[in-house]
Structures are given as C-alpha cells and as structure tokens.
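Have a look at the chain below before reading on.

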Amino acid sequence: MEHYIQLSKKLKVLGDANRLKILDLLSCGELCACEILEHFDFTQPTLSHHMKVLMDCGLVTARKEGVWNYYSLCPESCQSLVDNVSNILLNSGSCLCHQEREDI
C-alpha cells in the first residue's frame, strides 16, 4: 500500500496547473526563481509555496547562489513517477501490486 500512497502524493502535486507548467519550464533546464516567475501572474511568495511543494515530493531540487534560488528537475524521481504510472496504466508485469506482494 505504501507504493500507492507515495505515488498518490506525487500525483496530487501534479494536479495543479501552475505546478505542471513549472515542471514543463524546468524540463528545458535549470532556472532561477525570477525566470520562472516571469511566466506567471502571481507573487513570489506564491511561487515559493509551489516550489516547496515540488521539492517536498522530490520532483525538483534547488541550489542557492548568492541571493537567488535555482531550480531543476530531479531526473530520477521524475523517471520513477513516469515508470510507476506507466506500470499501472499499461498493466505490465512489473506493476506496483506485484512489488507490494514481494515486500510482504
């Protein structure tokens, strides 16, 4: 069940259109918070909230350089998310329910 709980948390994070757009922007490479903010009509604190949510679920990493935060995708976590959703939707032999049985 733990696999499903973790996956559902990440999918819930992706349920926000702004966060999906942020991930799309970051798919082109690392960006400064100020560069991300240029694409939205909300405040810096709102961006900070979205970035915290994305970092907390492991999809985005951050590094600080001077006064600026630079964000990038976490490729391993993003690939794991894609693989898990694919396994569920495509009913492959490596689906999460098989993994869960092996964990017991």
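The model is predicted, so local features need pLDDT of at least 70 and side-chain atom pairs count only at pLDDT 80 or more, while totals for chains, interfaces and linings use all residues. Residues are numbered from 1 along each chain as its sequence is written, and side-chain values use heavy atoms, with hydrogens and water left out.

**The overall layout**

The chain has six helices and three strands. Helices (H or I, at least four residues) and strands (E, at least two) are DSSP runs, numbered from the N terminus. Going along the sequence, the pattern reads α-α-β-α-α-β-β-α-α. There are 104 residues in the chain, and 32% of them count as buried. Here buried means under 20% relative accessible area, exposed means over 50%, and partly exposed is in between (1.4 Å probe, protein chains only). Take the contacts (heavy atoms within 4.5 Å) between residues at least 6 apart in sequence: 54% of these join residues at least 24 apart.

**Helix H2 and its buried side**

H2 runs over residues 17-26, and its buried residues are Arg-19, Ile-22, Leu-23, Leu-25 and Leu-26. They sit on the same side of H2 because they cover an arc of only 160 degrees around the axis, taking the directions from the helix axis to the C-beta atoms. On the face turned away from the buried side you'll find the exposed residues Ala-17 and Asp-24.

What lies over the buried residues of H2? The cover includes helices H1 (2-14), H3 (33-37) and H4 (44-56), along with strands E1 (31-32), E2 (60-65) and E3 (68-73).

Lys and Arg count as positive and Asp and Glu as negative, with His and the chain ends not counted. Arg-19 is buried yet has no salt bridge, and the nearest side chain of opposite charge, Asp-16, is 4.3 Å away. A salt bridge needs a side-chain nitrogen of Lys or Arg within 4 Å of a carboxyl oxygen of Asp or Glu. What Arg-19 does have is a side-chain polar contact of 3.1 Å with His-50. A polar contact is a pair of N or O atoms within 3.5 Å; within protein, one must be able to donate a hydrogen and the other to accept it, and residues adjacent in sequence count only if both atoms are side-chain atoms. Leaving out residues up to four places away in sequence, Arg-19 touches Lys-12, Val-13, His-49, His-50, Val-53 and Leu-54.

**The sheet**

The three strands make an open antiparallel sheet in the order E1-E3-E2. E1 and E2 stand at the edges with a single partner strand each, so one side of each has no neighbour in the sheet. Strands pair if DSSP finds at least two bridges between them. E1 and E3 pair over two bridges, and E2 and E3 pair over six bridges. Tyr-70 in E3 stands opposite Cys-32 and also opposite Arg-63, while Val-60 has Leu-73 in E3 as its bridge partner. E2 and E3 form a hairpin with two residues between them, and Gly-66 in the turn has a positive phi of about 65 degrees.

**Salt bridges**

How many salt bridges are there by this rule? The count comes to three.

| Pair | Closest N to O distance |
|---|---|
| Asp-56 and Lys-52 | 2.8 Å |
| Arg-63 and Glu-65 | 2.6 Å |

Salt bridges that share partners join Glu-30, Arg-63 and Glu-65 into one network. Arg-63, in strand E2, and Glu-30, in the loop between H2 and E1, are 33 residues apart, and their pair links distant parts of the chain. Arg-63 is partly exposed at 35% relative accessible area, as are Glu-30 at 37% and Glu-65 at 43%.

Asp-56 and Lys-52 are four residues apart in helix H4, which means they are separated by about one helical turn. Asp-56 counts as exposed at 56% relative accessibility, whereas Lys-52 is partly exposed at 46%.
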